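Please read the following briefing alongside the sequence and the model.

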Amino acid sequence: MTLADQLRACKGTQTACIVRVPWNDPVAIKKVLDIGAHGILAPYVQNADEAGAAVAACKYPPLGVRGAAKSPGRAYTGSRRMRPGGRPTTTFSSWRRWRR
């Protein structure tokens, strides 16, 4: 069973699908969110700069760096990740709180 299959199985339920990405990489984060995950858990985040980079990868400009383009995963699942006003529904989870 693929990740896309698991996310489709949760569609229509009240389950928040949080996916652990392999590393704190914008490409990996975008791929998981485009498939339909509601949020990500980034491993090995060691400081505020790394946490900020993970959050920026989840958000569309001007709040982040995530690009908007039609992808096969998004087209297949039919999920929409944007709220009115262009704010994404993605979230970032971390076990630690960062202070600047």
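Of the 100 residues of the protein chain, 33% count as buried, where buried means under 20% relative accessible area, exposed over 50%, and partly exposed in between (1.4 Å probe, protein chains only). This is a predicted model, in which local features need pLDDT of at least 70 and side-chain atom pairs count only at pLDDT 80 or more, while totals for chains, interfaces and linings use all residues. Residues are numbered from 1 along each chain as its sequence is written, and side-chain values use heavy atoms, with hydrogens and water left out.

**Overall architecture**

- The secondary structure of the protein chain comes to four helices and three strands, these being DSSP runs numbered from the N terminus (helices H or I, at least four residues; strands E, at least two).
- Read from the N terminus, the elements follow the order α-β-α-β-α-α-β.
- With a contact defined as heavy atoms within 4.5 Å, residues 24 or more positions apart account for 54% of the contacts in the protein chain with a separation of 6 or more.
- The accessible surface of the protein chain is about 6800 Å², of which 57% belongs to carbon and sulfur atoms, as computed by the Shrake-Rupley method with a 1.4 Å probe, where for residues only the protein chains shown count as cover.

**Confidence**

- The protein chain averages a pLDDT of 77, and 67% of the residues score at least 70; pLDDT is the predictor's confidence in each residue, from 0 to 100.
- Among the elements, strand 1 (residues 18-20) has the highest mean pLDDT (95), whereas strand 3 (residues 91-93) has the lowest (45).
- pLDDT stays under 50 over residues 74-81, for which the model has 21 contacts beyond four places in sequence, and also over residues 87-100, for which the model has 39 such contacts.
- Where pLDDT is low, the predicted coordinates should not be read in detail.

- Aspartate 34 forms a salt bridge with lysine 30, the closest N and O atoms being 2.4 Å apart, and both residues lie in helix 2, four residues apart, about one turn of the helix.
- Lysine 30 counts as partly exposed because its relative accessibility is 25%, whereas aspartate 34 is buried, with a relative accessible area of 8%.
- Aspartate 34 also forms a salt bridge with arginine 66, with the closest N and O atoms 2.7 Å apart; this pair links distant parts of the chain, 32 residues apart, since arginine 66 is in the loop between helix 3 (48-58) and helix 4 (72-77).
- Arginine 66 is buried, as is aspartate 34, and salt bridges that share partners join Lys30, Asp34 and Arg66 into one network.

**Helix 1**

- Aspartate 5 forms a salt bridge with arginine 8, the closest N and O atoms being 2.5 Å apart, and because they are three residues apart in helix 1 (residues 3-10), about one helical turn separates them.
- Aspartate 5 is partly exposed, with a relative accessible area of 30%, and arginine 8 is likewise partly exposed, with 29%.

**Cysteines**

- The structure holds zero disulfides, a disulfide being a pair of cysteine sulfur atoms within 2.5 Å.
- Cysteine 10 is in no disulfide, and the nearest cysteine sulfur, that of cysteine 17, is 3.7 Å away.
- Cysteine 10 counts as partly exposed at 23% relative accessibility, whereas cysteine 58 counts as buried at 2%.

Methods
A salt bridge is a side-chain nitrogen of Lys or Arg within 4 Å of a carboxyl oxygen of Asp or Glu.
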